[in-house]
Amino acid sequence: MPASRTPARSGTRSGRSVKPFAYGAAVAAAAVLLGFVSYTATKPDDSATGGRSVADVSADPDAGVYPELEKLARRDAGDPLALGRADAPVVMVEYADFQCGYCGKFARDTEPELIRKYVEKGVLRIEWRNFPIFGEESEAAARAAWAAGRQGRFWQFHKAAYADGAKEQGFGEQRLRELAAAAGVKDLARFSRDADGEEARQAVARDQEEGYGLGATSTPSFVVNGRPIAGAQPERTFVEAIEAAREAATTEPAGPESAPTTPAPGAETPGATAPGAKKTGGE
């Protein structure tokens with residue numbers, strides 16, 4: 001399944017410029033690969049690859065893996081924009097835009113199966129990165145999703161925003177409040193303040209700059225334990241990547257001991273701490 005191409009970098013962050021991340025040579029090579037995969041995934045004709053997706057995973061679990069990219073996984077147990085155990089052997093970082101049609105298809109068709117097969121069994125952790133590339137409404141939706149996460153309802157907002165037909169209704173201010181209400185956000189006044197606040201803008205900018213620094217040129221884009229994948233590829237591509245990463249992880253030291261689990265969508269997340277917020281005790 002192709003990716004949605006980005007027309008240009010959004011320039012709606014009050015004049016803030018995108019600052020490239022300083023990556024090493026390995027990451028630069030991965031960025032070139034991800035850019036190539038993004039391009040190839042959206043070409044009208046895939047005859048150059050013999051009909052086989054360039055994102056297909058090699059039988060070698062180490063092929064196409066860039067160790068420096070594994071450091072993109074934050075593994076913050078209090079991150080409400082993440083799903084699954086912080087110590088899961090496999091982390092899939094997802095860069096996506098709520099106005100991206102292919103992102104929505106992935107969210108509706110593929111992600112639920114990955115959650116059922118891997119997240120619920122403690123194998124996989126999904127870490128969301130807001131990567132708004134389609135202008136002001138994309139950025140507004142990204143900030144709104146972050147604000148919903150402040151009240152433990154990010155994944156519910158994610159589901160509502162990616163429901164069939166949701167994109168066509170736009171992401172204006174009133175529509176975002178409706179989505180928040182549908183997601184079960186209890187304090188809508190706080191939601192609006194948070195979504196319009198500087199902390200939300202900085203959080204979204206951080207994710208966006210990370211994606212651009214990685215070389216992502218389309219949405220959705222993914223990194224699975226250091227392996228870049230571009231586009232809403234077939235489920236088998238993600239399954240193969242996750243299985244290869246799990247196999248490789250069996251010979252590596254385990255993650256943080258007894259790390260808590262982020263509940264699946266629909267569950268309450270009391271005491272969850274937003275990225276960058278100071279924990280006061282107590283996804």
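Phe98 is buried, with a relative accessibility of 2%. Here buried means under 20% relative accessible area, exposed means over 50%, and partly exposed lies in between (1.4 Å probe, protein chains only). The structure is a predicted model, in which local features need pLDDT of at least 70, side-chain atom pairs count only at pLDDT 80 or more, and totals for chains, interfaces and linings use all residues. Residues are numbered from 1 along each chain as its sequence is written, and side-chain values use heavy atoms, with hydrogens and water left out.

The aromatic residues were examined across the whole structure, and eleven aromatic pairs were found. Rings of Phe, Tyr and Trp (its six-membered ring) pair if their centres lie within 6.5 Å; planes under 30 degrees apart count as stacked, over 60 as edge-to-face and the rest as tilted. The rings of Phe98 and Tyr162 have centres 5.0 Å apart and planes at 35 degrees, so this pair is tilted. Phe98 sits in the loop between strand 3 (90-96) and helix 3 (101-119), and Tyr162 in the loop between helix 5 (154-161) and helix 6 (173-182), so the pair ties together parts that are 64 residues apart in sequence. Helices (H or I, at least four residues) and strands (E, at least two) are DSSP runs, numbered from the N terminus. Tyr162 is also buried, at 3% relative accessibility. A second tilted pair is formed by Phe106 and Phe238, with 5.1 Å centre to centre and 45 degrees between the planes. Phe106 belongs to helix 3 and Phe238 to helix 9 (residues 235-249), so this pair ties together parts that are 132 residues apart in sequence. Both Phe106 and Phe238 are buried. One aromatic cluster consists of Phe98, Trp128, Phe154, Trp155, Phe157 and Tyr162.

Strand 3 is largely enclosed by the rest of the structure, because seven of its seven residues are buried. In a regular strand the side chains alternate between the two faces of the sheet. In strand 3, Val90, Met92, Glu94 and Ala96 point one way, while Val91, Val93 and Tyr95 point the other way. Strand 3 pairs with strand 4 in the parallel sense over seven bridges. Two strands pair if DSSP finds at least two bridges between them. Val93 stands opposite Glu127 of strand 4.

Ile126 is placed in strand 4. Its relative accessibility is 0%, so Ile126 counts as buried. Neighbours within four places in sequence aside, Ile126 is in contact with Leu81, Ala82, Leu83, Met92, Glu94, Glu111, Ile115, Val119 and Trp155. Contact means heavy atoms within 4.5 Å. Ile126 and Ala86 are 40 residues apart in sequence, and their C-alpha atoms are 9.5 Å apart in space.

Charged side chains were considered next. Side chains of opposite charge can pair when their charged atoms come close. A salt bridge is a side-chain nitrogen of Lys or Arg within 4 Å of a carboxyl oxygen of Asp or Glu. By this rule the count is 17 salt bridges. Glu210 and Arg129 form a salt bridge at 3.0 Å, N to O. Glu210 lies in helix 8 (residues 198-214) and Arg129 in strand 4 (residues 124-130), so the pair ties together parts that are 81 residues apart in sequence. Glu210 and Arg129 are both buried. A network of salt bridges links Arg74, Arg125, Glu127, Arg129, Asp207 and Glu210.

Arg201 and Asp196 also meet in a salt bridge, at 3.0 Å, N to O. Asp196 is exposed, with a relative accessible area of 53%. In the salt bridge of Lys167 with Glu168, the closest N and O atoms are 3.8 Å apart. Lys167 is partly exposed at 33% relative accessibility, and Glu168 is exposed at 60%.

Asp79 is found in the loop between helix 2 (67-70) and strand 2 (82-85). Asp79 is buried yet has no salt bridge; Arg125, the nearest side chain of opposite charge, is 4.8 Å away. Lys and Arg count as positive and Asp and Glu as negative, while His and the chain ends are not counted. A polar atom of the Asp79 side chain lies 2.8 Å from the backbone nitrogen of Leu81. Ala77 is placed in the loop between helix 2 and strand 2 as well. Ala77 is partly exposed, at 28% relative accessibility. Ala77 and Asp87 are ten residues apart in sequence and 8.7 Å apart in space, C-alpha to C-alpha.

Conventions
Polar contact = N/O pair within 3.5 Å; in protein donor to acceptor, adjacent residues only side chain to side chain.
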